[in-house]
Amino acid sequence: MNYLIETIGCQMNVCESDWLGSVLSTYGMSKVSSLSDADIVILNTCSVRYQAEQKAFSYLGRAEEFRRQNPEIKIVVTGCMAERLGLKIKQRFKSVDLVVGAKDIDITALKIIDLCNIDAEKQEELDTHSDIVRYITIMRGCDNYCSYCVVPFVRGRETSLDAEIIVKKCSLFVKNGAKEIMLLGQNVNSYQYNDVNFTSLIKKISTINGLERIRFMTNHPKDLGDDLVSVMATEPKVCSHIHLPMQSASNKILKAMDRKYTYEHYLELINKLRNVITDVSITTDIIVGFPGETESDFEETLKAVKDIRFGGSYVFRYSPRPNTKASELVDDVPLEEKKSRHAIILKESNKISVEIVAAMVGSVQQVLAERFENSVIEARTRGGRKVFVKDGTGKDLGKHLNVVIKEAKINSLFGNIA
């Protein structure tokens with residue numbers, strides 16, 4: 001039986017889709033990449049932003065139309081939107097066979113196995129997935145309750161997973177060919193399992209023989225401590241990239257967002273990271289058009305983008321989400337103004353990104369070869385930049401390569417093996 005997983009949303013969803021696919025494979029199911037080849041379609045959804053839900057609805061509409069021509073295909077919806085809307089999805093899309101919310105992600109695979117009438121007596125003994133880069137969730141849920149964010153309502157309260165089990169899973173990933181591990185959580189900085197905090201978890205994972213790189217996301221500025229900065233600077237396996245959402249540079253808006261830090265504190269963290277880790281790449285999230293955001297508030301954020309010069313920015317227009325405190329506020333920034341502010345921040349961010357990567361042309365970058373498709377290696381620097389190498393082979397997968405950068409675009413570099 002063939003399965004197709006379509007993923008919408010954050011790296012947490014990517015991780016959960018990756019895990020789900022690995023489990024289904026242990027039951028003899030095969031992954032495909034098109035609807036026409038699938039016996040079951042699994043849509044892993046996001047509910048953080050309105051646009052993400054609309055994207056999911058659009059995909060379900062296409063899947064339902066395909067189902068009319070292929071009535072035996074099964075459709076499953078999981079993730080945050082499934083948690084928030086539940087049976088309303090099945091009421092709207094009659095062809096959906098199963099809806100499993102984000103809080104029940106651990107039993108999603110078994111529900112799918114049952115739906116497909118596959119022998120569930122077969123045990124999930126080994127993960128034989130052999131990707132170079134593997135993701136692992138180290139904690140679920142969130143206790144921050146930022147005023148705009150729906151995550152605590154769809155993923156539940158913050159829970160850190162067993163540190164020993166995390167390390168064992170990472171070891172298994174490496175045994176099966178992984179060279180890099182990405183640790184995921186809504187706020188990895190607040191990980192705490194018994195006496196193991198996030199920094200000590202990283203130190204435990206770094207002892208795994210054969211593991212070459214460790215990454216993590218997402219971080220919250222209010223919890224980013226000196227111990228993590230120190231381990232990033234001293235542990236060779238920890239990559240020099242951190243995703244640190246700023247959201248806004250206006251203290252008035254940060255307070256309304258209930259982010260629990262000021263812009264001055266955020267800037268102090270940026271300076272500390274750059275002083276201790278000279279080659280650190282810092283990326284961020286920014287929301288424009290939050291209720292009450294004036295032109296002056298927006299200008300503060302724009303100035304911060306220019307001053308800090310992030311390695312990359314994910315820019316979003318504010319949209320009210322159900323149950324959040326911000327949804328009770330007057331959404332008083334007109335849509336056209338939100339679009340304008342979004343475009344201005346994005347243009348400036350892209351300009352800075354172009355300048356950063358242009359300065360790398362002619363340099364030699366050490367990269368980890370992650371994929372080989374269409375005769376091109378897709379690799380990544382320690383700072384998180386994608387590099388496409390035209391003169392490599394499939395034998396280079398999983399190796400560190402020294403690459404001369406010949407060309408640069410906004411988010412990508414192109415080069416040849418030195």
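This is a predicted model: local features need pLDDT of at least 70, side-chain atom pairs count only at pLDDT 80 or more; totals for chains, interfaces and linings use all residues.
Me: Which strand does Val367 lie in?
Reply: Strands here are DSSP runs of E with at least two residues, helices are runs of H or I with at least four, and both are numbered from the N terminus. The run that covers residues 364-373 holds Val367, and that run is strand 16.

Me: And which residues does Val367 touch, not counting those up to four places away in sequence?
Reply: Contact means heavy atoms within 4.5 Å. With that cut-off, Val367 touches Arg213, Ala379, Arg380, Thr381, Val387, Lys399, His400, Leu401 and Val403.

Me: Zooming out, how many helices and strands does the chain have?
Reply: Buried residues make up 52% of the 418 residues in the chain. As for the count, the chain has 13 helices and 20 strands.

Me: Which residues have the most contacts inside the largest nonpolar core?
Reply: A nonpolar core is a set of buried Ala, Val, Leu, Ile, Met, Phe, Trp, Tyr and Cys residues joined through side-chain atoms within 4.5 Å. In soluble globular proteins, nonpolar side chains tend to be buried together. The largest core here has 54 residues, and those with the most contacts inside it are Leu183, Ile205 and Phe216.

Me: Which helix gives the most to this core?
Reply: The top contributor covers residues 163-175 and supplies six residues. That is helix 7.

Me: What is the C-alpha separation of Val361 and Ile405?
Reply: Val361 lies in the loop between helix 13 (335-358) and strand 16, and at 40% relative accessibility it counts as partly exposed. Beyond its neighbours within four places in sequence, Val361 is in contact with Ile405, Lys406, Glu407 and Ala408. Val361 and Ile405 are 44 residues apart along the chain, but their C-alpha atoms are separated by 5.0 Å.

Me: Which residues does a cis peptide bond join?
Reply: Most residues other than glycine have a negative phi, and most peptide bonds are trans. The cis bond has omega of about 5 degrees, and Thr218, one of its partners, is found in the loop between strand 12 (213-217) and helix 9 (226-234). The bond joins Met217 and Thr218.

Me: What is the phi of Asn323 near?
Reply: Asn323 sits in the loop between strand 15 (312-317) and helix 13, and it is exposed, with a relative accessible area of 56%. Its phi is positive although the residue is not glycine, with a value near 75 degrees.

Definitions and conventions
Residues are numbered from 1 along each chain as its sequence is written. Side-chain values use heavy atoms; hydrogens and water are left out. Buried means under 20% relative accessible area, exposed over 50%, partly exposed in between (1.4 Å probe, protein chains only).
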